[in-house]
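Thanks for coming, everyone. Please have a look at the model first.

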2 protein chains.
Amino acid sequence: MEKVALGIDIGGTNTKYGFVDAQGKIYGEISIPTIMKAGEEPESFEQYIARLCAQAQQTLQDCGQGLQLIGAGIGAPDGNFFSGAIEFAVNLPWKGVLRAAALVSQHMGVPTALTNDANAAAMGEMLFGTAKGMKDFIVITLGTGVGSGIVIGGKLVYGHDGFAGELGHVIVKEGGRMCGCGRRGCLEAYCSAGGVRRTVMDLLAEETTPSVLRDVSFEQMTSARIYEAAMEGDPLAREAFRRTARILGRALADFVTFSSPEAIILFGGVARAGEFLRKPTEEAMEESMLHCFKNKVKVLLSDLGEGNVAILGAAALAWDAYRGQSEEKA
Amino acid sequence: MEKVALGIDIGGTNTKYGFVDAQGKIYGEISIPTIMKAGEEPESFEQYIARLCAQAQQTLQDCGQGLQLIGAGIGAPDGNFFSGAIEFAVNLPWKGVLRAAALVSQHMGVPTALTNDANAAAMGEMLFGTAKGMKDFIVITLGTGVGSGIVIGGKLVYGHDGFAGELGHVIVKEGGRMCGCGRRGCLEAYCSAGGVRRTVMDLLAEETTPSVLRDVSFEQMTSARIYEAAMEGDPLAREAFRRTARILGRALADFVTFSSPEAIILFGGVARAGEFLRKPTEEAMEESMLHCFKNKVKVLLSDLGEGNVAILGAAALAWDAYRGQSEEKA
């Protein structure tokens, strides 16, 4: 029997899941809508979890007799590891404290752990990805928001209440750009997908450089579109990534003073810009770095496919708990 | 037999040591000069350690037959836990890598651990001080420099190379004040004793407020003198602490996003300003804080006497190692 962990990634639109073995191979990867109706009414959170687990049971059966479920892990925005609940989630249709881990555990009959998506990504990188074998690293997720998962001594940092690792919300510019969190100058306002777009807007205003992006509206200006322009050699698009990288790199130099990691791993939509982002980020980090850290910390791009990492990360959470338990017994 | 650990605090001018029992009681506290001559020449580092240990052996004998030495701990500027050596120390007369832990261990015949003074202070707070019983907290030392010791899950954070916790060198103001580290805008340039003095200089330049500090030269302007003036009601001195607190509080809000600690403990010369510093620091932190951390993180003043904490912290390092070992055996 091959042991597998169920990895669940709860998103605002879709929920993805799959069964992951100890080597990171995924069986039965499925995506279902997060929001559905039950009769006339939208489903309750309990109904949603029941539907999700029924389907996951079915998928497990469809995969054949060879798989033994050892646990489940859930990655969800604003998921709290300690409470096993999703708290303050802004992009889910349900309000209040959503006890996702307990409900999944009931339905699936296995121990279930939950954390936020950035922490899950870090766990995925450690068990199956770029951070394999590392004990001290930070994953920065650069997507719709900017998140982080911090690993110290081989353990994810949760803090005393489960909310550690909100590095998207360090203030990088006093009185700077408005952030979704209601404050000003957060890293997220500069280095998320929306942040890169806002930087393009700044550049369109400040510079007279010709650019294909002058024909793109604010709403159409995705980070993918900007990356495409950069690939085509558009100087303004390239400058937008350089500016993003400069701000990110300086922030990374500050993060390094905290935990002195071996590497910082960039992940998410904005990181798809690859070397356009990674190289100037590393340069800016080195330039701002305190002497004792210089030339020691790698800036790496995640090598996990973005579609998979959420499932791998969530499953890694279950694997980590399972191994911890096995070690305790031994 | 009472078990004790030898705690050694190596400073640029004096070296203090004492024997500390499991409850934090200190026996035979002694201060000796760090720098002495051996004949015509200044002592080598090896000679210094030999002299220190011979004297410590004598002190232990003088304390009577009741004490059993279980280990030694050393707190030293730029001390590295992993290598057991003092590296890049700017305020000691010896150059190169100083293998303090190995030498002390040889002379004293017990396991010896070493770390920097801020980490030692954090360990002291956890075992004997304000952080007793806490598992997630940060100690900020506000003295000649600004240092930090970060505890996560009951363990000091050393990072992958032993240099974690250099929070005095996060950049709080881009292109700001020159810092001793050669860069600009570090927290240390604002919140160390020298930083408070520089803030007084700023205020003397900017404001016309009368102040007793207008009669004090730059060289005479210690943080103790500024505190004295604040106590006497001097508005400019009080404003200097408020400004210091504002910058510190904002930085603390960023630190919280990293490890979500239960408390932040202020320690060192500048923290002697007490509520003049603590209260506006807490206010500025709360004001800058991300919603999910608001009203959760305490800002506390260390309750360990400053004279003792270095010895207690160094000894705590030895106690922590000793207990770790005992647990492993058990």
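Start with the interface: chain A and chain B bury about 3200 Å² between them, with 62% of it on carbon and sulfur atoms. Buried area here is the accessible area, taken with a 1.4 Å probe, that two parts lose on being put together, summed over both. Chain A puts 37 residues into the contact, and chain B puts in 37 residues. Three residues stand out on the chain A side. A:H160, A:F258 and A:L290 supply 23% of the area that chain A buries against chain B, more than any other three residues.

Some ground rules. This is a predicted model: local features need pLDDT of at least 70, side-chain atom pairs count only at pLDDT 80 or more, and totals for chains, interfaces and linings use all residues. Residues are numbered from 1 along each chain as its sequence is written, chains are lettered from A and ligands numbered from 1 in the order in which they are written, and side-chain values use heavy atoms, with hydrogens and water left out.

Next, A:E125. Where does A:E125 sit? In helix α3 of chain A, residues 117-128. Helices are DSSP runs of H or I, at least four residues, numbered from the N terminus. A:E125 counts as buried because its relative accessibility is 0%; the cut-off for buried is under 20% relative accessible area, with a 1.4 Å probe and protein chains only. Which side chain makes a polar contact with that of A:E125? It is A:S302, at 2.5 Å. A polar contact is a pair of N or O atoms within 3.5 Å, one able to donate a hydrogen and the other to accept it; residues adjacent in sequence count only if both atoms are side-chain atoms. Leaving out residues up to four places away in sequence, A:E125 also touches others, including A:F137, A:I265, A:F267 and A:L304. Contact means heavy atoms within 4.5 Å.

Now A:L204, in helix α5 of chain A, residues 193-206. A:L204 is buried, because its relative accessibility is 18%. Beyond its neighbours within four places in sequence, A:L204 contacts A:L213, A:R214, A:M221 and A:L236.

The lining of the largest cavity is B:D78, B:G79, B:N116, B:G162, B:F163 and B:E166. A cavity is a set of points on a 1 Å grid over the protein atoms alone where a 1.4 Å probe fits but cannot get out, and lining residues have an atom within 4 Å of a point.

Key. 1 Å grid on protein atoms, 1.4 Å probe; cavity = no way out; pocket = protein on both sides within 12 Å on 5 of 7 lines; lining within 4 Å. Helix = DSSP H or I, 4+ residues; strand = E, 2+ residues; numbered from the N terminus. Buried < 20%, exposed > 50% of the residue type's maximum accessible area, 1.4 Å probe, protein only.
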